[in-house]
Amino acid sequence: PLSPPPPMDRALSVHGGEVTIRRANFSGLRDAILVTDGILNLLESEVTDCQADRGGGLRVTGGTVKVDNTTFAHNNASDSGGAIQVDGGLVILTNQTLLHGNHAPRGKSCEISDGAQLRYVLPAPL
């Protein structure tokens with residue numbers, strides 16, 4: 001039998017400006033989404049079965065990420081932040097964003113470093 005292909009490299013990197021992604025499916029990726037600066041609006045999307053050392057689905061080292069009505073499920077980080085790793089900047093979760101079944105040794109769903117921010121805005125995530 002054939003072995004499954006290795007996970008693809010990063011699908012999205014935001015290093016400045018403003019990017020809006022709506023109704024996207026990030027699935028089975030390695031280092032799926034990285035934000036170092038700028039603004040990412042992630043709306044009505046799915047981030048599933050992704051993996052990374054830090055931030056299985058999303059890693060933020062700077063900038064702002066607004067996550068609205070998006071599912072992070074079954075992502076895996078070998079170090080920290082099963083779904084989301086926030087090393088810097090701001091992540092805002094809103095409108096029933098779901099974090100479910102993610103895994104990491106530290107921060108099963110989220111890991112937030114000193115100086116970084118994670119906020120819930122009503123209606124709260126599930």
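The model is predicted: local features need pLDDT of at least 70, side-chain atom pairs count only at pLDDT 80 or more, and totals for chains, interfaces and linings use all residues. Residues are numbered from 1 along each chain as its sequence is written, and side-chain values use heavy atoms, with hydrogens and water left out.

**Overall fold**

- The protein chain has zero helices and 14 strands, where helices (H or I, at least four residues) and strands (E, at least two) are DSSP runs numbered from the N terminus.
- The radius of gyration is 13 Å, close to the 14 Å that the globule rule gives for 126 residues, so the chain is as compact as a globular protein of that length. This radius is taken over C-alpha atoms, and the globule rule is 2.2 Å times the number of residues to the power 0.38.
- Along the principal axes, the C-alpha atoms fill a box of roughly 45 × 30 × 25 Å.
- Of the 126 residues, 42% are buried; buried means under 20% relative accessible area, exposed over 50%, and partly exposed in between (1.4 Å probe, protein chains only).
- Among contacts with a separation of 6 or more, 63% join residues 24 or more positions apart, a contact being heavy atoms within 4.5 Å.

**Strand E3 and its partners**

- Eight of the eleven residues of E3 are buried, so this strand is largely enclosed by the rest of the structure.
- E3 pairs with E1 in the parallel sense over nine bridges; two strands pair if DSSP finds at least two bridges between them. Leucine 43 of E3 stands opposite arginine 22.
- E3 also pairs in the parallel sense with E7, over five bridges, and leucine 43 stands opposite aspartate 68 in E7.
- A parallel pairing of E3 with E6 runs over three bridges, and arginine 59 in E6 is the bridge partner of leucine 34.

**Nonpolar core**

- The largest nonpolar core has 26 residues, and Phe26, Ile33, Phe72 and Ile84 have the most contacts inside it. Such a core is a set of buried Ala, Val, Leu, Ile, Met, Phe, Trp, Tyr and Cys residues joined through side-chain atoms within 4.5 Å.
- E3 (33–43) is one of the strands that each supply at least two residues of this core, and E3 gives the most, with four residues.
- Beyond its neighbours within four places in sequence, isoleucine 33 contacts residues including Phe26, Leu40, Val47 and Leu58.

**Four-stranded open sheet**

- An open sheet of four strands has the order E2-E4-E8-E12, with parallel pairing.
- Its edge strands, E2 (25–27) and E12 (98–100), each pair on one side only.
- Within this sheet, neighbouring strands are turned by 5° against each other on average, direction ignored. Axes are lines fitted to C-alpha atoms, for helices over the stretch in contact, and angles run from 0 to 180 degrees between N-to-C directions.
- E4 (residues 46–48) and E8 (residues 71–73) pair in the parallel sense over three bridges, with phenylalanine 72 in E8 as the bridge partner of valine 47.

**Asparagine 102**

- Asparagine 102 is found in the loop between E12 and E13 (110–112) and is buried, with a relative accessible area of 0%.
- A polar atom of its side chain lies 3.0 Å from the backbone oxygen of phenylalanine 72.
- The backbone nitrogen of histidine 74 lies 3.4 Å from a polar atom of the asparagine 102 side chain.
- Not counting residues up to four places away in sequence, asparagine 102 touches residues including Ala73, Asn75, Gly82 and Lys108.

How values were computed
Polar contact = N/O pair within 3.5 Å; in protein donor to acceptor, adjacent residues only side chain to side chain.
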